[in-house]
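Have the model open while you read.

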Amino acid sequence: DGSPKIVNSDPLELSPDGKWLYYQPLSGPLYRVPTASLRDEKRSEQALGEEVEYVYDTPALSGTAIDTQGNIYMAEAQRPRITLLTPEGDVKVIVEDDRIWGPDALFITHQRELYIPCPQTARLAYNRGPNGKDLVQRPYKIFKVKLPASLGDREKVPPVSR
C-alpha cells in the first residue's frame, strides 16, 4: 500500500554465556541488555531501560550471528559484505563479494562454517515502494565461508533458567 515497512528490532543475538541479549533497530546502533533483567517481572520498564548498554554504532544490518567467543558477525544491508565485531570493539571484514547483497539469518555450524543466506529482501517489489519493481536475481543463494580458527566456534547455547 506504499506505507513504510517497520522493523522494531532485528537482529537479535544471545551471548554465548546467555547473560546478554544484543539487539538493534534496523538502522543501528547495537545495544545489549542483561537477560536476567529481562526475566525479572518486577523490574519496571524505566529500570530496565537504565540497564541497556550501547555497544557499537553499526550500519544498517540485515542479519547477524554470534560465536562462542562473543564475536558478532554482521551482514551489512547497504554493502555486499559480512563484518565482525569483536568483544573488544574491533571491526574486521570477514568476506566482501558482490554476490552477497541482502544477506540475512547468518548461521555458524559446528564445523566452523558461516552460512550466508541471501533472500534479497530489499529487492522484492513490495519493499520498493508503490508500484515497486521486483529486482530479485533468481535463483536464491546460500553461501558458506570457512571461519579462521582464531574466531571461536559454535557450541550449544546454555538453557535459560529462572
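Predicted model: local features only at pLDDT ≥ 70, side-chain atom pairs only at ≥ 80, totals over all residues.

Residues are numbered from 1 along each chain as its sequence is written, and side-chain values use heavy atoms, with hydrogens and water left out.

Start with the open sheet: four strands in the order β5-β6-β7-β8, paired antiparallel. Strands here are DSSP runs (E, at least two residues), numbered from the N terminus, and two of them pair if DSSP finds at least two bridges between them. At the edges sit β5 (61–66) and β8 (91–96), each pairing on one side only. β5 and β6 (residues 72–76) run antiparallel and are joined by five bridges; I66 has I72 in β6 as its bridge partner.

Now for S15, in the loop between β1 (12–14) and β2 (20–23). A polar atom of the S15 side chain lies 3.1 Å from the backbone nitrogen of K19. Leaving out residues up to four places away in sequence, S15 touches W20, Y22 and I66 (contact means heavy atoms within 4.5 Å).

F107 belongs to strand β9 (residues 107–108). Its C-alpha atom is 9.4 Å from that of D67, 40 residues apart along the chain.

| Residue | Relative accessible area | Class |
|---|---|---|
| S15 | 4% | buried |
| F107 | 42% | partly exposed |

How values were computed:
Buried < 20%, exposed > 50% of the residue type's maximum accessible area, 1.4 Å probe, protein only. Polar contact = N/O pair within 3.5 Å; in protein donor to acceptor, adjacent residues only side chain to side chain.
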